[in-house]
Amino acid sequence: MNTQTLDKETSDKIAFLSFIVPEFAKSYKMPMPDTYGYLKKYGAWDYLNENWWALHTDNPFWTVRYLYDVCRQNGGLR
């Protein structure tokens with residue numbers, strides 16, 4: 001049995017991503033199964049992974065808006 005645990009930073013990152021992706025889906029009325037693919041396709045997933053530490057300290061409204069802006073700049077239509 002593998003009893004390895006995640007370090008705090010990884011755990012915090014997973015918690016934040018698990019929170020903010022559904023918030024994005026809800027804000028833009030997207031089905032959850034489509035949301036990750038949309039964020040990935042239009043560059044917001046990479047942006048989120050690279051900047052999660054700063055984004056998690058901001059108001060979720062603004063984080064969702066930043067993700068929207070990144071997608072929009074890369075051809076997303078939502």
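This is a predicted model: local features need pLDDT of at least 70, side-chain atom pairs count only at pLDDT 80 or more; totals for chains, interfaces and linings use all residues.
Buried means under 20% relative accessible area.

View 1. The accessible surface of the protein chain is about 5,400 Å². Carbon and sulfur atoms hold 54% of that surface.

**View 2. Helices of the protein chain.** The chain has four helices and zero strands, which gives the pattern α-α-α-α along the sequence. Its C-alpha atoms fill a box of roughly 45 × 25 × 20 Å along the principal axes. Among contacts with a separation of 6 or more, 64% join residues 24 or more positions apart.

**View 3. The largest nonpolar core.** This core has 20 residues. Those that touch the most other members are Phe 16, Ile 20, Phe 24, Leu 39, Leu 48 and Leu 67. Two or more core residues come from each of helix 1 (8-27), helix 2 (32-41), helix 3 (44-55) and helix 4 (60-73). Helix 1 gives the largest share, six residues. In soluble globular proteins, nonpolar side chains tend to be buried together.

**View 4. Surroundings of Leu 67.** Leaving aside residues up to four places away in sequence, Leu 67 touches Ile 20, Phe 24, Leu 39, Ala 44, Tyr 47 and Leu 48. Leu 67 is also one of the core residues that touch the most other members.

**View 5. Charged side chains of the protein chain.** The chain carries 9 positive and 9 negative side chains. The centres of the two sets lie 9 Å apart.

How values were computed: Residues are numbered from 1 along each chain as its sequence is written. Side-chain values use heavy atoms; hydrogens and water are left out. Contact means heavy atoms within 4.5 Å. Accessible areas come from the Shrake-Rupley method with a 1.4 Å probe; for residues, only the protein chains shown count as cover. Lys and Arg count as positive and Asp and Glu as negative; His and the chain ends are not counted. The place of a charge is taken as NZ of Lys, CZ of Arg, CG of Asp or CD of Glu. A nonpolar core is a set of buried Ala, Val, Leu, Ile, Met, Phe, Trp, Tyr and Cys residues joined through side-chain atoms within 4.5 Å. Buried means under 20% relative accessible area, exposed over 50%, partly exposed in between (1.4 Å probe, protein chains only).
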